[in-house]
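Colleague: I'd like a close look at just one part of this model. Could you walk me through it?

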Amino acid sequence: MTTTTLRAGGAPARTGSADRGPAAARARRKRLLHWIAVHAVAIAAALFFVLPFVFVFLTSVMSDDQAMSGELWPHEWNWSNYATVFSTPGFLDWWKNSLMYAGLGTLFTVCSAIPVAYALAKFRFRGRRTAMVLVISTMMLPPQVVVIPMYLVWAQQLHLSGSLWPLLIPMAFGDAYSIFLLRQFLLTIPQEYLESAKVDGCGEVRTLLRIVVPMAKPGISAVALFQFFYCWNDYFGPQIYAAQNPAAWTLSYGLESFKSAHSVNWNLTMAATLLVMAPVIIVFFFAQKAFVEGVTLTGVKG
Amino acid sequence: MSLVESPERPAATAAPLRKAPALRRKHTRQRLRTLGFLSPWLVGFSVFFGYPLIATVYFSFMHYNQIQQPSFVGLRNWKYVFTQMPLFGPALWNTLWLVVVMVALRVIFGLGIGLLVTKVKSGVGLFRTAFYLPYLAPPVAATVAFVFLLNPGTGPVNGLLEAVGIPAPGWFNDAAWAKPSLVLLSLWGIGDLMVIFMAALLDVPKEQYEAAELDGAGAWAKFRYVTWPSITPIVMFAVVTGVVQTMQYYTQALVAGKLASGVNIGPGSVIQPGYPEHSTLTVPQLVYSLGFQNFNTGAACVLSLVLFVIAMAVTTLLMRKRAGLLPAED
């Protein structure tokens, strides 16, 4: 795992008062120009990333007519658009379903990923490498590869389509991405802690619960966050299993039908869009560190 | 773990025989313990991956409309998909186009933004957050927002372009621009790659830059001979995971096509995906459309297997090239 903190830059060491003269002045001017160039590019790039949010927000408070006009600044601030969105039939149910899907999905995933990741990271056994290769392979696999037979089982044998359970139940049996991410994190826990726990007479289960889980809290929160967002953002899953039953739709899935139902109201659609994004962005501001750590762990040499 | 504590082997007495059953018991216990810890995944893997994969192969040789009993048709589904299905060509072409263009631009752009953030001296946190936030936006929400922003008639972007005198494209409504619009949307969500590249860039040993400077290396030479060799594995990782992700590209293409077409359709309604002119139809969309709208289970399973083979090939490459996924100690 990388040991570098993710803070870039930092002020360069101030040069002492000794170097004056034209050469030093030239160097200083060059540094200043460099500083200006870098920041100009960075600000231009940042605009590309931020402006869509700004336009979406501004449109979300426009009147119905103005939202169709392509104008940028709202004539009047219609905060009531948000109330209208909330009172749209079904919208609150979609919130409830999204929270249930994301909440239970996260709980199931974390509970099943911890023991598996622990075994893959810390136990020595034959077939360990094969198991790891299989985990990574399933992680890389498009969900469309196995969805048809799975759908047929859930719909025709278990009669659970029209709900989110066909998506939730598999999460209690290990999710490859979460197992992989947590395993990368557990590799960084020194073996000595586990050995000394064993010397003190802890069994594997106690070692896992009392030593490993508390030490792996950052890794576990990264897994939990990623799974929460995965469920919150998921469109394909709810489309397969919940489509027939609007009472089971999630926000991500319902948003598109919301647009279709309000085909001319871009202002309401943008308000709804922001309401779907809001939880993700709020959670991110509270848990930035766990996030960045998680992304880094999956991408950087373990 | 050494079984023999003392350097000289004990003579063949009863001692090792007495030890053996205890040792075997210990091994059995360890094996059971490992199995116990792995059991959630072992069950999940066989039930939710192994079974459906075999069933997909089975259905690919069957005619099955999900109402009548499946009947064996040999290779007919395979022949149909590869030689007769009119949408297979466009879908495969679009997916490959996206794989090449989107992955290449994402890696270049992500690396660029990563480099930029490491060069920025003030407001690093602010810039980093700005670049990262769009990655978090739910794909459906981001797509809905982009369809609005790039809407040729009512969108603010074309308003801005016209104001400065640039001819405004039709974006999601123009078959030539629809895929580039999707690429633009995906570049907006580059945050994950930026973080990965930033971590890699900050890991490049500082001394190497100093050494290169002493040798009179300019900015490009430093990038080419110091930065690049040290980040190649991460670039490789980004390329391969990008290819796999783009093979599954679904939600954004589907939602953009549906919304831009302007047809007042609720989810679940049968439409020809890929508006305009099949330009945004991808292989995963075709799987959905065949399996869940046309109930042509056999052909859908053939397409699933095509996806599977390509994804496996890419994954194998990923693990061969040791792009950081499997640590050396494995």
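Colleague: Which domains does the domain assignment give for chain B?

Modeller: In chain B you get domain 1 (27-77) and domain 2 (87-263 + 270-321), with bounds that come from an automatic or database domain assignment. Before going on: this is a predicted model, where local features need pLDDT of at least 70 and side-chain atom pairs count only at pLDDT 80 or more, while totals for chains, interfaces and linings use all residues. Residues are numbered from 1 along each chain as its sequence is written, chains are lettered from A and ligands numbered from 1 in the order in which they are written, and side-chain values use heavy atoms, leaving out hydrogens and water.

The C-alpha centres of domain 1 and domain 2 of chain B sit 32 Å apart. Each domain of chain B puts 11 residues into the contact (heavy atoms within 4.5 Å). Between them they bury about 880 Å², 70% of it on carbon and sulfur atoms; that is accessible area (1.4 Å probe) lost on putting two parts together, summed over both. On the domain 1 side, B:Thr56, B:Gln66 and B:Asn77 lose the most area, together 45% of what that side buries.

What about polar links? Domain 1 and domain 2 of chain B have 3 residue pairs in polar contact, both residues at pLDDT 80 or more (N or O atoms within 3.5 Å, one able to donate a hydrogen and the other to accept it; residues adjacent in sequence count only if both atoms are side-chain atoms). Helix H1 (residues 14-59) of chain B gives the most to the domain 1 side, with 5 residues; helices here are DSSP runs (H or I, at least four residues), numbered from the N terminus.

Conventions
Helix = DSSP H or I, 4+ residues; strand = E, 2+ residues; numbered from the N terminus.
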